[in-house]
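Please look through the following structure with attention to its disulfides, its nonpolar cores and its cavities. The paragraphs below take these topics in turn.

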Amino acid sequence: MTAESTRRRSRSIHMAILLMAIVLATIAGPSEGQQIGKLTQNPCGAKDKCRTCIQTESCAWCMQPDFKGQSRCFQHTSKVCPEEFVWNPDTSEQILLNKNLTLASVAGGSSAAIGGYGAAAGYGAGGAAGAGGGGAGGGYLSGSSSSSSSSHYHSSSSSSSSMSSSYGSEYSAGWSSSSSEIVQIKPQSVKLKLRINQKHDLKVSYTQAEGYPVDLYYLMDLSKSMEDDKEKLSALGDKLSETMKSITSNFRLGFGSFVDKVLMPYVSTIPKKLEHPCENCKAPYGYLNHMPLNNNTESFSNEVKDAAVSGNLDAPEGGFDAIMQAIACRQQVGWREQARRLLVFSTDAGFHYAGDGKLGGVIAPNDGECHLDAQGKYTHSVVQDYPSISQINQKVKENAINIIFAVTSNQFSVYEKLKGHIQGSSAAVLSNDSSNVVDLVKEEYAKISSSVEMKDNATGDVKITYFSSCLTGGPELQTSKCDNLTVGQQVSFTAQIQVLKCPENPRDWTQYIQIYPVGINESMLIQLEMLCDCPCEQPGSTGYEVHSRHCNNFGTFMCGICDCDEHHFGNSCECSVSDMNSTINNDASCRADNTTTTDCSGRGNCVCGACECFKRTNPEEVVSGPFCECDNFSCERNKNQLCSGPDHGTCDCGRCICKPGWTGTSCACQASNDTCMPPGGGEICSGHGTCECGVCKCAVNDQGRYSGRHCEKCPTCSGRCQELKDCVQCQMYHTGVLKNVDDCARNCTTFTPIGVEKVVIDEHKDEQMCTFFDEDDCRFEFKYSEQGELIVHAQEEKECPPKVFMLGIVLGVIAAIVLVGLAILLLWKLLTTIHDRREFARFEKERMNAKWDTGENPIYKQATSTFKNPMYAGK
């Protein structure tokens, strides 16, 4: 047989195979197209491993060995797999420690407890045990299971596993059952098993115990400018102690001071100045712990009185060094484990922070550790740089300390911004001589103790959202803070816990999370186990077989599928790596339909009749699907975030799968209109706007635009603007009907406006803008908010029109007219002079060019004429 005839025969065979493939594709085309459509809409269908399947919301895995369905990963609502082969783990909760809350004063020798948390929250047997566990300090539950997993694998699996003995004994040791123990948060320990993207509600209760211990450490700037403040604090020391003891009998007081680093350019390093930097001053220092916290509050005044002031050169002080040492040196300062810890920071200047140490040649970063000598002096002041704001915040959170920045009015705006970056801190205005320090501490302590804010240390893989009904007394709203609490009042929070994604490292699938009230050294410990893999993937489980015959002896059979070795692939490991580049005539099975000649949608290789999708450089971006038609990175974006971020939705097969509560093509819109409903009830956006993506878009009418978070403020409504106008005028500008100091002080007691450079409205805080003109035709603005207490922010400087000097304008106009007239006359005179001179010059020129004799009249002609005969020869 010749080579030409062989080629013709091979071409004929290829043509016949192609025609047959086209006919089969035409017959099966609609059914296959429907299947592809289902794959696109079903987020489970593209998952090919058990662990990736259960990490997808509402998906279950079928472990049946001879499974004939389309995909082993399916939505559990559909019955495609026998129940005994389904792995679909459920969320479970187990309360490990549940002591009752302390109500009565521990100092009084008795304690009362609120009923068990479990019963109130509906946790079955655990709650009953908790309710019956009353007594001194409250009883606790250990190992009580609240719910169990409904997953099945030959037999139902239980979630009521107890905590490890080492952890349990260690944790229980910290919670002694002594009658003097104070419990303000419950439960204290919980074990959770959570699937990805499933939300679980956990009830948390808090109450402020009566007579709760208080540690107050007064940290004072003792530079020369604070000398009068020191004297006043010394005189008021006893009053401060008595005031705090009236709030709680279990009170301790301490005192420390600071100046700055003993280096140029912070202080003068001239030898004489190092000993006496100013008159009646002692040598400068960084930080000194004069008086550790103790019950001998009477010695506080003496310590303050004996402390000597010092001096420095630059305006900012080394207060951050002092704060770091006062917090880090827990033993030297004397902070107690169970006490509300207050650090009052008093100064009239700014602060140095990380990086400023380079000016003095200090480049070593602050290590956040304690460096005090036996005399309580900071030894590393000239060795380490100042701490950063984030370091201070981290130390405050670790040690549950409330910082009160008591600063003078000229520094208040700086520390007002600083408190927003330090958890649990507050700022208040200190008088120039610190005469109001007692009232300041009392008021700030009242604010701190009458509110509770829940925080947590969850990682970025876990999201915790808090809800409570403390704001409205009705349905729960999203908030982590409750105000206006009283001693003994119980408040409940719902912590909604959601695992956003599984960490890459399996060791991070078990995490310990603390939920704690800010400023209180108590917390609820959550032992969180993320359900990120399947038991059938572990060696020793039922059906786990290495070098299985189901996988042609080239892989491990687990969870009903083959996990091939590195040299083989395919559903049954039937393909070898050496066959990747072979030309096998089954490429048609790698195409979605017969309308394309592109294998695997152009995003993969057809290997052994199956698509192997390309890997992307970003490991989080995955191309998937039987024909590589799906991916998780080409969905619609909002604010440069895929599907508006992991909190809103996930991208699956080119389409955003929104999480509950969100909708839209990019999951950017809230599904409910609850956020557009006024707090008191009524129509959406108060009937004056439309709700778009959970935000009210207020309408505009002939009178103007409605405003407010819920469009509740009409354009012409003044609210309390007119009521507050006179007090704002007299307090900020000393004008108006109450400009007299006595009238202003007598009538304006409910608020003190805070000065700002420019008044800007924040509608989320329900603020109202007010604009007026005073008797001088000056314009001033202020805004007020009534969320809790009345807060008024007023413009620091009024906008006044420039004064008009009428006499000057009249005289100026007259002078301008006279000057213009004189200028015109001078110009006329100049032009006429120039013209006359030109004419005279022309006359002189013509006169000089005359050709006649000036002694004879050129017009004169003689009366006689003389004629000569030309022929006459003179003879």
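A disulfide is taken here as a pair of cysteine sulfur atoms within 2.5 Å. The model is a predicted one, in which local features need pLDDT of at least 70 and side-chain atom pairs count only at pLDDT 80 or more, while totals for chains, interfaces and linings use all residues. Residues are numbered from 1 along each chain as its sequence is written, and side-chain values use heavy atoms, with hydrogens and water left out.

By that criterion the structure holds 26 disulfides, and one of them joins Cys502 to Cys532 with an S to S distance of 2.0 Å. The torsion about this S-S bond is -95°, and the link of Cys502 and Cys532 is left-handed. It ties together distant parts of the chain, 30 residues apart, since Cys502 sits in the loop between β21 (490-499) and β22, whereas Cys532 sits in the loop between β23 (524-530) and β24 (555-558); helices (H or I, at least four residues) and strands (E, at least two) are DSSP runs, numbered from the N terminus. Both Cys502 and Cys532 are buried, where buried means under 20% relative accessible area, exposed over 50%, and partly exposed in between (1.4 Å probe, protein chains only).

A disulfide also joins Cys600 to Cys611, with 2.1 Å from S to S, and with -100° about the S-S bond this link is left-handed. Cys600 lies in the loop between β27 (575-576) and β28 (604-607), and Cys611 lies in strand β29 (residues 610-613), 11 residues apart; both cysteines are buried.

Attention now turns to the nonpolar cores, each a set of buried Ala, Val, Leu, Ile, Met, Phe, Trp, Tyr and Cys residues joined through side-chain atoms within 4.5 Å. Of the 34 residues in the largest nonpolar core, Leu216, Tyr218, Phe255 and Phe300 touch the most other members. Elements that each supply at least two residues of this core include β11 (214-221), α6 (227-247), β12 (251-258) and α13 (437-449), and α13 gives the most, with 6 residues. Leaving aside neighbours within four places in sequence, Phe255 is in contact (heavy atoms within 4.5 Å) with residues including Tyr218, Leu233, Met291, Phe300 and Val304.

Last come the cavities. On a 1 Å grid over the protein atoms alone, a cavity is a set of points where a 1.4 Å probe fits but cannot get out, and its lining residues have an atom within 4 Å of a point; points are joined across faces, edges and corners, and a volume is the space filled by probe spheres set on the points. The structure holds 2 cavities of 30 Å³ or more. The largest cavity has a volume of about 40 Å³, and its lining includes Val396, Lys397, Gln423 and Tyr516. The elements that give two or more residues to this lining are α11 (389-399) and β22 (510-517). The second largest cavity holds about 30 Å³ of space and is lined by residues including Phe74, His76, Lys79 and Glu83.

Technical notes
1 Å grid on protein atoms, 1.4 Å probe; cavity = no way out; pocket = protein on both sides within 12 Å on 5 of 7 lines; lining within 4 Å.
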